[in-house]
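Here is a short report on one protein structure. Look at the sequence and the model first, then read on.

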Amino acid sequence: MEKFESIIISDDNLLTNAFKTLNVFRENGELCDVVLKTDDGIAIPAHKVVLSASSPYFRAMFTLNFVESSSSFIDMKYVPGTALRDMVNYFYTGQLCVNHLNVIGLIELCHVLQVDGLIEKCEVFLRRNLSTRNSLGLQAFARHYSLAGLKDHAMRFSCWNFSHIKEEEEFFLMPQKELKQLIAHDTLKAQSEESILEAAIKWLVYDFDNREKQFEELLAHIRFPLMSQKYLLESELVKYIREKFPTSSNLITKAIDYHSQNPGLDNIFELKNFSPRLASEDIFVIGGWSNGQKLSTVQCFNVDTLKWTSVNNMTIAHVAKEHYFRVIVSQDELYTVGYNKVMKYDPVESAWYKFADGPEVQCKWAGVCEYDNGFYVIGGSTNKTSKRFNIQKATWEDLPVGHHARYYPGIAVMNENLYVIGGLDNKWRPLKVCEMYDPRQRKWIEIAKLRSPRWNLGVATLRNRLYAIGGNHNLEQFANTVEVYDPKEDSWERSVASMNCGRRCLGVAVVNDLIYVVGGRVTNTIECYDEDKDEWKIVGSVNSCCNFGCVALRLI
C-alpha cells in the first residue's frame, strides 16, 4: 500500500463536549460511582475519575488504597455543602460564581482539596474588593492561609487608609501582635503621629483589662519624636502614659530632649524606631521622549527617599509611536487618555486594558485634568469645544463652548472650578488670556490675564492659589519664571522665586504641600518648590525630558 504523510488531527471541541456530557451524566445520576455527603445533609453524586483528575486530594483518596477508594459514599466532614457543590460543579464545567458570600468558604475548601489554581483566582477577587471595612480581617485570613499576595496587598491598603480604618470595628478587635505590626510600619499614613497614639489608646480602652499588660510593648512602636513638643509637654494623654507605663515614659523624655536640644533633623534617625514615616504619594513618570525616541517605560520617584525605581510591569506598549496621551488619576486609579482610547491600569493583574473610546481630540495639544469622577479635555483643536468623560458611564459629553480656542494650555482644578491658563490660539500665537469653568453652572468665566503669554506650561494648585510654571513665552524660549494667581484678588503676580532651570513640556505634581517639576524639553532635572521658604531646590533627575505623563499616586 502506498504510504501517505501522517497528520495530527486536533479537535478542541472534543474535550469540551466530553465534559459537557459527563456533567449531564452527573446531573441525571448516570454512571456516577460516588456520592459526597456533608454534615449539613447535602449529597453530591459524581464520578471518581473526574474528582481525581481535578483534585490531588481526591486522586490520593481514590488511587492509594484508602478505604474510600472502594466506597460509594464519602463523608466530607466539616465541609460546607454549598461550597462543595459549587466546587464539584466547577470541576465539570470550569465555571464558578465567586461572590462575597462564598469566597472565604471556597478558599478554605481549595486548601483541603489542593485546588491551587482556584485559590489564586479567589485571591484576586478579594484584592479587588478590599475596603476599609474588611482589609484588617482579610489580612488576618491571608496570613492564616499563606496567601502572600493578599496579605501584602491588605497591609499596604491598611497603612495607606489608616485614618479611616482606625474608626472601624475590625480595628478595635485586632490582636495586639497585628496592631503592633501595623503601627510599626514605615508606610503607615496618618494625619500625625499624635493621631496614631490616640487610635492606640482607643484600642486599649476597648478591652482594657485584657490589653493593659500588652500595651507597653505597643507603645514602643509609637514615634514620639515626630509629635510636637507642645503635645508632648501638655497633652493629658501623654501625661497619663507617663504615669501608667514607666518604660514608655523614658521614650517620651528622649523625644522631649530631642525637641529641646534641636540637634538637627538627621539626628532623629539615631533614635530607635523613630525615623519619619515614608507615607507620601510617589511621582510616576509614564512614557515620554528622550533623544528623539519615544519611551514606553514607567518610573517611580519616591519623594521621601529621592530615589527612582523602574516599574517594569507598567510598560505602556499600548501607545503607538505616533500617538500622544495624557495621564490621569481618579480615586487612586490610573488612566491614560489618547485620541482614540482611554486605558486603565489594573494593579492586581499588573496590566493595562482598554476602558473606553477616546475623545477624538489630539491630547498632545489639549489640556487634560480630573475632577468629580470625570476627565476634562480642553482645547486641542481650532474650535472652542471641550469634552468631559464620565468614568462611571464610560461616556464622553460635549461641554459649553469656551471663550477661546487653545493649543497647549495649562489646566488645573481649584475650589471645585477648572482653570485654563494660556496656550496658543488657532493661529499659534501665545496667549495671556485665562478662563474658569464652573461645572455646577456649566459656564465659562474669563479671569485675569497672565503677565506674560505662556504655552506648554505646567500648572499646580497649592493652598488655594494657582501656579503657572515655566513654558514658552515671548521673552524666553524656555521660561524659568513662575506666576501665581490669587482667586480672591483675581490677579496674577510674579511674587515667587524662579526655577533653577527653564523648562517647557514639563511634568508637575504636588506632594505634601510641595510642588515638584520634572523634566522639560531641555532639562531632565527635578526641582521642588517650598512655598514657606519661597525656594526651588534640585532634588534629582529623570530619563525622559518631555511629553510624558506625570502624576502623584500611591499604588496599593
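**Salt bridges**

The side chains of R223 and D186 meet in a salt bridge, 2.7 Å from N to O. A salt bridge here is a side-chain nitrogen of Lys or Arg within 4 Å of a carboxyl oxygen of Asp or Glu. R223 sits in the loop between helix 13 (208–219) and helix 14 (229–234), and D186 in the loop between helix 11 (176–183) and helix 12 (193–206), so the pair ties together parts that are 37 residues apart in sequence. Helices (H or I, at least four residues) and strands (E, at least two) are DSSP runs, numbered from the N terminus.

A note on the source: this is a predicted model, where local features need pLDDT of at least 70, side-chain atom pairs count only at pLDDT 80 or more, and totals for chains, interfaces and linings use all residues. Residues are numbered from 1 along each chain as its sequence is written, and side-chain values use heavy atoms, with hydrogens and water left out.

Is R223 buried or exposed? R223 counts as buried, at 4% relative accessibility. D186 counts as partly exposed, at 35%. Buried means under 20% relative accessible area, exposed means over 50%, and partly exposed lies in between (1.4 Å probe, protein chains only).

How many salt bridges does a search of the whole structure find? The search finds 26. Side chains of opposite charge can pair when their charged atoms come close.

| Pair | N to O distance | Accessibility of each residue |
| R223 and D186 | 2.7 Å | R223 4%, D186 35% |
| K344 and E333 | 3.3 Å | K344 12%, E333 32% |
| E493 and R451 | 3.2 Å | E493 35%, R451 47% |

K344 is buried. The K344 pair links distant parts of the chain: K344 is in strand 9 (residues 341–346) and E333 in strand 8 (residues 333–338), eleven residues apart.

E493 and R451 form another salt bridge. E493 lies in strand 22 (residues 491–493), and R451 in the loop between strand 18 (443–447) and strand 19 (458–462), 42 residues apart. Salt bridges also link R463, R465, D513, E531 and D532 in a network.

Two packed helices are described by the angle between their axes and the distance between the axes. Helix 7 (residues 135–144) packs on helix 8 (residues 148–160) at about 155°, with the axes 8 Å apart. That makes the two helices roughly antiparallel, a label for angles over 145 degrees. The axes are lines fitted to C-alpha atoms over the stretch in contact, and angles run from 0 to 180 degrees between N-to-C directions.

Which residues meet? From helix 7 come S135, L136, L138, Q139, A142 and R143; from helix 8 come L150, K151, A154, M155, F157 and S158. Contact means heavy atoms within 4.5 Å. The residues of this contact divide into seven nonpolar, three polar and two charged. Nonpolar covers Ala, Val, Leu, Ile, Met, Phe, Trp, Tyr, Cys and Pro; charged covers Asp, Glu, Lys and Arg; the others, Gly among them, are polar.

Six of the eight residues of helix 11 are buried, so helix 11 is largely enclosed by the rest of the structure. They are Q176, E178, L179, K180, L182 and I183. Their cover includes helix 7, helix 8 and helix 12.

Definitions and conventions
Angles under 35 degrees count as roughly parallel, over 145 as roughly antiparallel, 65 to 115 as roughly perpendicular and the rest as oblique.
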